[in-house]
Every structure is written in C-alpha cells, then in structure tokens.
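Here are a few notes to go with the model you asked about. Have a look at it first, then read on.

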Amino acid sequence: MFQHICNGDKDFCNLFDGKWVEASSGKYLTILSPVDGLLVGRVPAMSREDVDRAIQNTKESQPVWAATPIHERASVFYKAADLLEEHADEIAAVLTMEIAKDRRSAWFEVKRTADFLRYTADAGKSMAGEAISGDNFPGGSKNKISYVSRVPLGTVLAISPFNYPINLSASKIAPALIGGNAVLLKPASQGAISALYLADILQEAGLPKGVLNTITGKGSEIGDYIVTHPGVNFINFTGSTAVGKHIAKEAGMVPLMLELGGKDAAIVLSDADLEFAAQTIISGAYAYAGQRCTAVKRILATGAVADRLISKLLSGIAKLKVGDPREDATIVPLINEKAADFVMELIGDAKQKGAKILTGGKREGNLIQPTLVDNVTTDMRLAWEEPFGPVLPILRVRDEQEAINIANRSEYGLQSSVFTKNIHDAFYIANRLEVGTVQINNKTERGPDHFPFLGVKASGMGTQGVKYAIEAMTRPKAIVFNLQDNGTVHHEGPIRGEE
Ligand code: NAP
Ligand code: G3P
C-alpha cells in the first residue's frame, strides 16, 4: 500500500507529480524518536530547485483539478477516509514513535482526520454561489444580474506543526483541494514521516498527480524560500507565533491564514463545580504533555477558590500516567531537548521569584513531571509565556474583573474557559474576553472540527474550521448579465445560428 517508503524501509520520499522522489541533492534529514532516541526514518532535505519544480508542477495540474466536478473531487476524500481508517493502527504507531503521542491520542488523530475528510467532501458539495438582482440597490435594475460563484486561488502552501502532523495537514489540504486548489505541503520535520502517510493515502485514493506535492526539509533552511515563492497564492500556516510573525513579514501580498500560539486561561468562579472543573482542567492542561496550542495554560481564580481547587487538582494530577506513549502515558517526553529546556526555564524563573511548586518541577531527559505552580504573579514569565509542556500556573485574583483584565493582558487570544453554574456570569465574562473562542464549563479545545477555530492578537489570523477554511481558500467570481429592456443581451454581430 504505502509507496512513499522508497529506499529500504527507513528512507521516505516526497510526492511530486504523482511519483515518490528523493531530494535532487540526495540529502536526507534524520528523524529520531523522542520516545527512545532511535531512528524513525529519514526524509529528503529538499532544495530550492526541488521547491521550484514542485510548485511549477502544481501550477500545471491545478486547472484540470479545478475543472473537475466537485462531486468527483469529493469522491477522493471519501475513499481516503476509508483508507485512513483501514490503516489507522499502522499510522498511529508511526505517530507515536515520531512525535511521542500516546497510542490512543495518535489513533484518535487518524480517526478524526478521516471524519474531517468526509465532512469536508460533504461541505464542498454544498458550496453554492448566488445570483443577485441589480434592483436590490437604488438606481439598479432587474436587467442587471450578478451570478456569483466561488473559485480557487491557485496553489496553496500548507505548513503544519509537529503536534498534529496528520490532522493539521489535512485541515489545510482538504479544504484547499475541495475548493479546486492545488497544494504544496511542508510538514514539520518532526512529524514529516506521519504527514507523508497522509499524502500517500490521498494519492492512493485517486488524487490526480501534481494536485498535492510535498516538500520536506528544515523550515529554517527552505522556509523563507517557499513562503516568498511567486507561485504561492495562499499560505495556510499552523505553528509558533514567532514563525507565524516571521512568515507574515516575509510573505508580502499573499493572503495568509495563521493558527499560532496560545495562553488559554481557565477562569474558575466560586460557584463552579470544582470537582468537574479540576478534572476538566487537568485533561486540558496535561493531555499530550501540554503540547497543544489550546491547552489550558493558566488558572485564574480568587484565593478562596484556588485553595478549594488545589487539593482536587493535585489528586487528579497524581493519577496521570507518566512515561512511555506506547503504554498510553499522558505525560510523555517533549518533542525535543530545546522544548524541555524552555519549560524548565519558565519553572525556574517562577520559583526564583517566589512561586510555589505544588507538584512536579523535575525532569528526566525530555520527560517533565506534571507540574502545578501556585502563587504565580504577573512579574513571572510563566504568567505570560507559552510553555508547550506539562506545567500549569495558578494566578490568584481579587475578583472576576481582575481575572478578565489579566486574561486580556496576554499577547495571545486563542481560547479561554469559564467555569460557573451561573450562565449570566459566564456570558458577562465571555463577552469581555479577547479570544477566538470561550468554552463555558469545558476545557479549551479546537474540536469539533466544523466549529470556527481562530486566534486573535498573537494567536493568529483567519479562521479554520471546515466551512471557514474552504471560504478562506476560495474567492467570489462575479459574472454580471446586462439585459436590455426588450430582453436581448448586448452583443456584436448575428446571434449564433442566425448567421
Ligand atoms: P514551529 O516551530 O513554528 O514550526 C511550525 C512549522 O513551520 C513547521 O513545519 C516548521 O518546519 C515550519 N517553519 C519553521 N520555520 C519556518 C520558516 N522560516 N518559514 C516557513 N516555515 C517554517 O511550531 P511547532 O514547534 O511545529 O509547533 C508548536 C507551536 O505551534 C506552538 O507555539 C503551538 O502553540 C503552535 N501551534 C498552534 C496551533 C493552532 O492551531 N493555533 C496548533 C498547533 C501548534 P520545521 O519543523 O522543519 O522547523
Ligand atoms: O495544538 C493543536 C490545536 O489545534 C489543538 O487541537 O483538538 O487538541 O484542541 P485540540
């Protein structure tokens, strides 16, 4: 089934014009597992010339794909979804070793992507245009009719992060393709092997050659070249705020969608069900060792609430499984040493400024214990920076208004949670939070994937979510009919058939 494993059983290739190819230089990136440090495989280190060829190929292939009826385009996604489910165990095992995601979450990422593909196919088929009569506007007339349809933008550059290499590649590729675009996928290097499985499945499902090409290689080496390439018509990026801002500067006039970092706050009010809030916050903060953009990354609560909440948090944290993702641990080794160093830096800074480490705070290699930090104050880095690891700070506030103020002082604006039994209080706070989404009595999370998913401020620009992504990667095309009073259309020469 899988063709992208193209040299031996550990060298993978990129998809180019329907074939699996190495880098023209013959160079490879070695991907080692964060789980055991052993080789997962190698992916081509593609060059600028390889990028040129891949983009040119999408240009040549895209018009035929755009002219393909949507129901035929959609059929590829239904087939790909079936193949993903058929091979879910095998692909999940690769995910687990490549990005240290626990087996259950890895399997669920594959399943979620199959569901995403089906939903996108359905949504694409119901993508309708409109006809607008001119007389709706003063001075207009019924003789002027605008027929508006949605057309693709051309070549979409999809850049995905390490933590969802399959789902956050598909969340860009599928809406782009169903809208008639061609796609160049640049996956995260740590996650590239998993992403190539997705490309393989889409090709196996019947995606015509050249409509999806992949480019593996270090973003720091070829990233700027790709994002400034004149052949790119849209950039759909998910990753860190630092890289997102850099791309926004480099990309010039190319339309962008950026899903970036977060510092999601859980605001817990005094009337909340604290048992439920504790369990939900723990799941939101520590799943996949906190390596989720929508992870709960701070608790804002009054002192009295914090005191009652802490014991419940500690007992739940104590139950978290720590260790090997192959044994379904929740707290797994972070993606690399640099990531683990950064988390420890934030913990150290908080401790040195007087915060209280209630549990955790220690590391073994890149595995950091689930850490809960109390008495975090606004002079500490942990109050504001995104750890992308298993550490949760508690900031004690005077009241709801201070919770809102501190939540909004963050440079980020992805999501927030509000825990309370009083829907009026929930809405009062939700309406004042500067974020893309507020979860009432739930952890912050992206799904379900047809919901709008967006960040404001340093958390991004544009809106993901199936319908929104299709709209973002297509545009209106208007054809205006100008009829005469006697009902004939302006034209020169005889009407066809009356020559
Ligand atoms: P990252 O380091 O920003 O990398 C993201 C992607 O950008 C990777 O494919 C990376 O390639 C590529 N890249 C790096 N430098 C580039 C450049 N100069 N030009 C073009 N592409 C470049 O992020 P990550 O470590 O993969 O993911 C963690 C971060 O992403 C966290 O901040 C997290 O909050 C954020 N994130 C946000 C969301 C969301 O939906 N809002 C979802 C997931 C993650 P290489 O891997 O080769 O460097
Ligand atoms: O960090 C990935 C982001 O998309 C979060 O997804 O479903 O874990 O909330 P989810």
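Let's start with a question: are Phe2 and Tyr197 buried or exposed?

1. Phe2 is buried, and Tyr197 is buried too. Keep in mind here, and in everything below, that this is a predicted model.

2. Those two residues are worth a look together. A search of the whole structure turns up four aromatic pairs, and Phe2 with Tyr197 is an edge-to-face one, with 4.6 Å from centre to centre and 70° between the planes. The pair links distant parts of the chain: Phe2 sits in the segment before β1 (5-7), while Tyr197 belongs to helix α6 (residues 192-204), 195 residues apart. Phe12 joins in as well, as ring pairs link Phe2, Phe12 and Tyr197 into a cluster.

3. Next, find Phe162 and Phe388. Their ring centres are 5.8 Å apart and their planes meet at 85°; planes over 60 degrees apart count as edge-to-face, so this pair is edge-to-face. Phe162 is in the loop between β9 (155-159) and α5 (167-178), and Phe388 is in the loop between β19 (371-374) and β20 (391-397), so the pair ties together parts that are 226 residues apart in sequence. Phe162 and Phe388 are both buried.

4. Rings also turn up with charges over them. The charged end of Arg42 sits over the ring of Tyr28, at 4.1 Å from the ring centre. Likewise, the charged end of Lys101 sits over the ring of Tyr288, this time 5.0 Å from the centre.

5. Now for the ligand. Ligand 1 is surrounded by 30 residues, and the closest are Ser189, Gly219, Ser240, Leu260 and Glu386. By class, that shell has 14 nonpolar, 11 polar and five charged residues.

6. Which elements each supply at least two residues of the shell around ligand 1? They are α7 (219-227), β12 (234-238) and α8 (241-251). The largest share, four residues, comes from α7.

7. Some contacts of the ligand are with the protein backbone. A polar backbone atom of Ala188 is 3.3 Å from an oxygen atom of the ligand. Leu260, one of the closest residues, places a backbone N or O atom 2.6 Å from a nitrogen atom of ligand 1.

8. How much of ligand 1 does the protein bury? Taken alone, ligand 1 exposes 900 Å², and the protein buries 86% of that.

Terms used:
Residues numbered from 1 in each chain as written. Chains lettered and ligands numbered in written order. Predicted model: local features only at pLDDT ≥ 70, side-chain atom pairs only at ≥ 80, totals over all residues. Heavy atoms only, no water. Phe/Tyr/Trp six-rings, centres within 6.5 Å; stacked < 30°, edge-to-face > 60°. Buried < 20%, exposed > 50% of the residue type's maximum accessible area, 1.4 Å probe, protein only. Lys NZ or Arg CZ within 6 Å of the ring centre and 35° of its normal. Near = heavy atom within 4 Å. Polar contact = N/O pair within 3.5 Å; in protein donor to acceptor, adjacent residues only side chain to side chain. Areas by Shrake-Rupley, 256 points an atom, 1.4 Å probe, with all protein chains shown as cover. Nonpolar A, V, L, I, M, F, W, Y, C, P; charged D, E, K, R; others polar.
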